Amino acid sequence: MKLPVAVRLATPADTASLAALLFEMQAHYNDPVPMEAAEAAARMLCSLPPEGFNPRTLLAEVDGAVVGSCVLNVMMPAARLQRSLYIRDLYVGAANRRKGVGVSLVRAALRLVEEGGFCALDWTADSR
């Protein structure tokens with residue numbers, strides 16, 4: 001069953017929700033971290049980027065709850081010495097997998113590529 005998914009850029013107000021998702025993600029990949037580490041990472045990913053660090057963080061929501069995230073990094077140089085976006089992490093919480101959340105996140109990432117003047121969207125996949 002496909003879910004009605006809304007995807008948007010993360011803001012500082014999303015820190016707690018993203019921290020919970022990052023905490024779950026690390027356990028899923030058999031590399032658990034303390035909640036404090038997840039909170040620190042979420043603060044960084046939900047804030048304005050410092051000089052030299054320019055990620056984009058997309059959040060997927062269903063009924064107002066954050067259920068997935070996609071962290072993208074700017075890559076340079078890419079084709080023809082242009083910038084591209086690279087999906088570093090795409091994660092959907094266990095309860096919402098196979099419901100269109102991941103597809104919604106990738107489509108939103110493609111919109112960022114088009115709107116931001118990037119030349120490509122790149123990613124690799126883990127087998128887990």
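Let's start with contacts. Take the contacts in this protein with a separation of 6 or more: 58% of them join residues 24 or more positions apart. Keep in mind that this is a predicted model.

Now the layout. The protein has 3 helices and 5 strands. Read from the N terminus, the elements go β-α-α-β-β-β-α-β.

Next, overall dimensions. The C-alpha trace spans about 40 × 35 × 30 Å along its principal axes. How does the radius of gyration sit against that of a compact globule? For 128 residues, such a globule would come out near 14 Å, and the protein has 14 Å, so the two agree.

The accessible surface is about 7600 Å². Carbon and sulfur atoms make up 55% of that surface. Of the 128 residues, 36% count as buried.

Charges, quickly. There are 13 positive and 13 negative ones. Their mean positions lie 7 Å apart.

Now let's zoom in on one residue, Thr-15. Where do we find Thr-15? It belongs to helix H1, which covers residues 15–28. Is Thr-15 buried or exposed? Its relative accessible area is 17%. Buried means under 20%, so Thr-15 is buried.

What does its side chain reach? The backbone oxygen of Pro-12, at 2.8 Å.

To recap Thr-15: a residue of helix H1, buried, with its side chain reaching Pro-12. That's my tour.

Technical notes:
Residues are numbered from 1 along each chain as its sequence is written. This is a predicted model: local features need pLDDT of at least 70, side-chain atom pairs count only at pLDDT 80 or more; totals for chains, interfaces and linings use all residues. Side-chain values use heavy atoms; hydrogens and water are left out. Helices (H or I, at least four residues) and strands (E, at least two) are DSSP runs, numbered from the N terminus. Buried means under 20% relative accessible area, exposed over 50%, partly exposed in between (1.4 Å probe, protein chains only). A polar contact is a pair of N or O atoms within 3.5 Å; within protein, one must be able to donate a hydrogen and the other to accept it, and residues adjacent in sequence count only if both atoms are side-chain atoms. The radius of gyration is taken over C-alpha atoms; the globule rule is 2.2 Å times the number of residues to the power 0.38. Contact means heavy atoms within 4.5 Å. Accessible areas come from the Shrake-Rupley method with a 1.4 Å probe; for residues, only the protein chains shown count as cover. Lys and Arg count as positive and Asp and Glu as negative; His and the chain ends are not counted. The place of a charge is taken as NZ of Lys, CZ of Arg, CG of Asp or CD of Glu.
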